[in-house]
Amino acid sequence: MPGSRLGVISTLAAALAVAGPAVAGDPVRIHAAGSLKQAMGEVVQAFSERTGTPVEPTFAPSGLLRQRIEDGEKTDVFASANMAHPEKLANQGQGGPVVLFTRNRLCALAQEDVALTTDNMLDVLLRDDIRVGTSTPKADPSGDYAWAMFERAGDVRKGASERLKDKSLQLTGGPDSPAPPAGRHKYAWVMDSDKADVFLTYCTNAVAARREVDSLQVVQLPGALAVGADYGLSILRPEDPRAVRLATFILSPAGQSILADYGFDTPLMPAGS
């Protein structure tokens, strides 16, 4: 089972067995999904404080990060918002085994004046006057998960999948998507700028956006439309023991606890934690 504790231990033991000497003073580099920015930022800060090892994080949509790594951009650890991107690198010989290290879910982030509930979700999204925002499929897994939700909508109501795909606005996550002003949360800024009535994004993103714009609504998807996101972790330079130790810290109870504090599901947390 991907992400099992036994599999994690075996993966890290194998990586440590081949790790060579670290280069003193050079930071460990981690490329991580944009949805992890706040949580992983705190994780790497805690790791640095405990170990004295500097870390250089880079946050962006996972698909774009994968492309940059394929094109030769250097990093030591890759934390993706899906399993597919690190697995593709692993299949190409550019990364090690992929471990499921956390999970997220898709939620609806809605403007204050939209009468949206879990029960009327599909009816509201299909209305002609409702602008539905998503991230960009293929470039950002959040967009892929939105498309997966649209497919589920087609199973619930004939024609709903095609209708939602046609009307959706891909507002974030693409190579040419506008960046928010400095200091603004991306999804809070998109909604505050009135670019969509409802935006489908990770629940963790939605909660963070509402912290910045408290008039926004965060609404859970109904069971028939619910989509979960498995996040994959891969060590790209197992010869560097610091990269292995960073990955180990992310998977440890200390790292998992920080992720849980930001609303992520943590399948590796010990029972009863």
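Which residues of α6 are buried? I took buried as under 20% relative accessible area and exposed as over 50%, with a 1.4 Å probe and protein chains only. The buried residues of α6 are P141, S142, G143, Y145, A146, W147, M149, F150 and A153.

**Basis.** I worked on a predicted model, where local features need pLDDT of at least 70, side-chain atom pairs count only at pLDDT 80 or more, and totals for chains, interfaces and linings use all residues. Residues are numbered from 1 along each chain as its sequence is written, and side-chain values use heavy atoms, with hydrogens and water left out.

**Helix α6.** I took helices as DSSP runs of H or I with at least four residues, and strands as E runs of at least two, numbered from the N terminus. Helix α6 covers residues 141–156, and its 16 residues reach 23 Å from first C-alpha to last, close to the expected 22 Å. The expected span is 1.5 Å times one less than the number of residues.

**Helix α2.** I found 15 residues here (37–51), reaching 21 Å from first C-alpha to last, close to the 21 Å expected. A39, M40, V43, V44, A46 and F47 are the buried residues of α2. They cover an arc of only 155° around the axis, which puts them on the same side of α2; the arc is that of the directions from the helix axis to the C-beta atoms. The face turned away from this buried side carries exposed K37 and E49. The buried residues pack against β1, β2, β3, β4, α10 and α11, where contact means heavy atoms within 4.5 Å. Just after α2, G52 takes a positive phi of about 75°.

**Cores.** I took a nonpolar core as buried Ala, Val, Leu, Ile, Met, Phe, Trp, Tyr and Cys residues joined through side-chain atoms within 4.5 Å. The largest has 59 residues, of which I30, L36, M40, F101, L116, M149 and L246 touch the most other members. Helix α10 (241–251) gives the most to this core, seven residues. A second, separate core of 16 residues includes C107, A196, V213 and L216.

**I30 and H31.** Leaving out residues up to four places away in sequence, I30 touches, among others, M40, V44, L246 and I250. H31 lies in strand β1. I count H31 as buried because its relative accessibility is 3%.
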